[in-house]
Amino acid sequence: MALLKVKFDQKKRVKLAQGLWLLNWLSVLAGIVLFSLGLFLKIELRKRSEVMNNSESHFVPNSLIGVGVLSCVFNSLAGKICYDALDPAKYAKWKPWLKPYLAVCVVFNVILFLVALCCFLLRGSLESTLAYGLKNGMKYYRDTDTPGRCFMKKTIDMLQMEFKCCGNNGFRDWFEIQWISNRYLDFSSKEVKDRIKSNVDGRYLVDGVPFSCCNPSSPRPCIQYQLTNNSAHYSYDHQTEELNLWLRGCRAALLNYYSSLMNSMGVVTLLVWLFEVSITAGLRYLHTALESVANPEDPECESEGWLLEKSVPETWRAFLESFKKLGKSNQVEAEGAEAGQAPEAG
């Protein structure tokens, strides 16, 4: 028994074809939107590629760009099919290709749904990428004279000012690395010598942060050195007083920014997916309604359209049986090839 059977007369078939033609061209615009969103996200990720560990984070924008292009191609073709469906002579050339085309559309809808899910689920991968990349970026902050790393100081400073953040997880991350270049240290100073000797790795560590960590909204002038030394500043207690630094880490700030972008893009992709599913269902109805016309010479006669020729369980069983037959035929061909090679070897 056919699933969701609907009766069509000539007028309904024409309206269905015209409506699908319009929806397909609207879906082309939706594909352009997906392509643009993927391109925008890719540009935003490339802006901060220096503080990201690998290229895994580009999977989502690349996928959006890919499905956007495919959406434009498939829906342009579907629009042409719907336009030609109004003319029996033109529709005849599309008739043998409609079933394979609908199968490809179903596969595309599955891929589009998976891409939408990836927009919501790749937060963990992005977080690890940012954590490792920011840690390395902070490590190379002082290398302003090293080729290939001389830009890292500017990148980190601009990042902290733009996203109002400090360090990887917080401002104390700067206490654990030497972020001041040896070029700007006076090695004849006793304080510098003592600090370097007190460290196992011979690094110059201070309880201070770069200027880009300062919060300009604070009424007090920025305290960026000797942050844990209460006696170094008047009326200051680092444990009780709210510091005039950005307290949020840059990993959390960037993660929130990119997650909100990808969540919004995931919602848009889901809406486009629903749109594509409805178009595929409409194409199936148009295909079956035109196929079931009793008298092709009489365009006014009624016909029936459906989504599936049989019920869902029967369709699934038929699919499994055809899959098994395909596997058996491949096995028979392989055995025949081996049998043909055996006499040659003899």
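The model is a predicted one, so to speak: local features need pLDDT of at least 70, side-chain atom pairs count only at pLDDT 80 or more, and totals for chains, interfaces and linings use all residues. Residues are numbered from 1 along each chain as its sequence is written, and side-chain values use heavy atoms, with hydrogens and water left out.

Of the 346 residues in the protein, 39% are buried; buried means under 20% relative accessible area, exposed over 50%, and partly exposed in between (1.4 Å probe, protein chains only). Among contacts (heavy atoms within 4.5 Å) with a separation of 6 or more, 73% link residues 24 or more positions apart.

Now for the inside. The largest nonpolar core holds 71 residues, and Trp174 and Val209 touch the most other members. Such a core is a set of buried Ala, Val, Leu, Ile, Met, Phe, Trp, Tyr and Cys residues joined through side-chain atoms within 4.5 Å. Helices supplying at least two residues of this core include H1 (10–47), H2 (59–84) and H5 (123–139), while H8 gives the largest share, 13 residues. Setting aside neighbours within four places in sequence, Val209 is in contact with Cys166, Phe171, Trp174, Phe175, Trp179, Gln224, Leu227 and Leu245.

On the surface, Val106, Val110, Leu114, Leu117, Phe120, Leu121, Val267, Leu271 and Leu274 make up a nonpolar patch with about 810 Å² of accessible area together. Areas come from the Shrake-Rupley method with a 1.4 Å probe, and for residues only the protein chains shown count as cover. Patches take residues with over 30% relative accessible area and no salt bridge, with like charges joined within 9 Å and nonpolar side chains (Val, Leu, Ile, Met, Phe, Trp, Tyr) within 5 Å; a salt bridge is a side-chain nitrogen of Lys or Arg within 4 Å of a carboxyl oxygen of Asp or Glu. H4 (98–121) and H8 (250–291) each put in at least two residues, with H4 providing the largest share, 6 residues. Val110, found in H4, is partly exposed because its relative accessible area is 46%.

His58 sits in the loop between H1 and H2 and counts as buried because its relative accessibility is 10%.

Note on methods: Helices (H or I, at least four residues) and strands (E, at least two) are DSSP runs, numbered from the N terminus.
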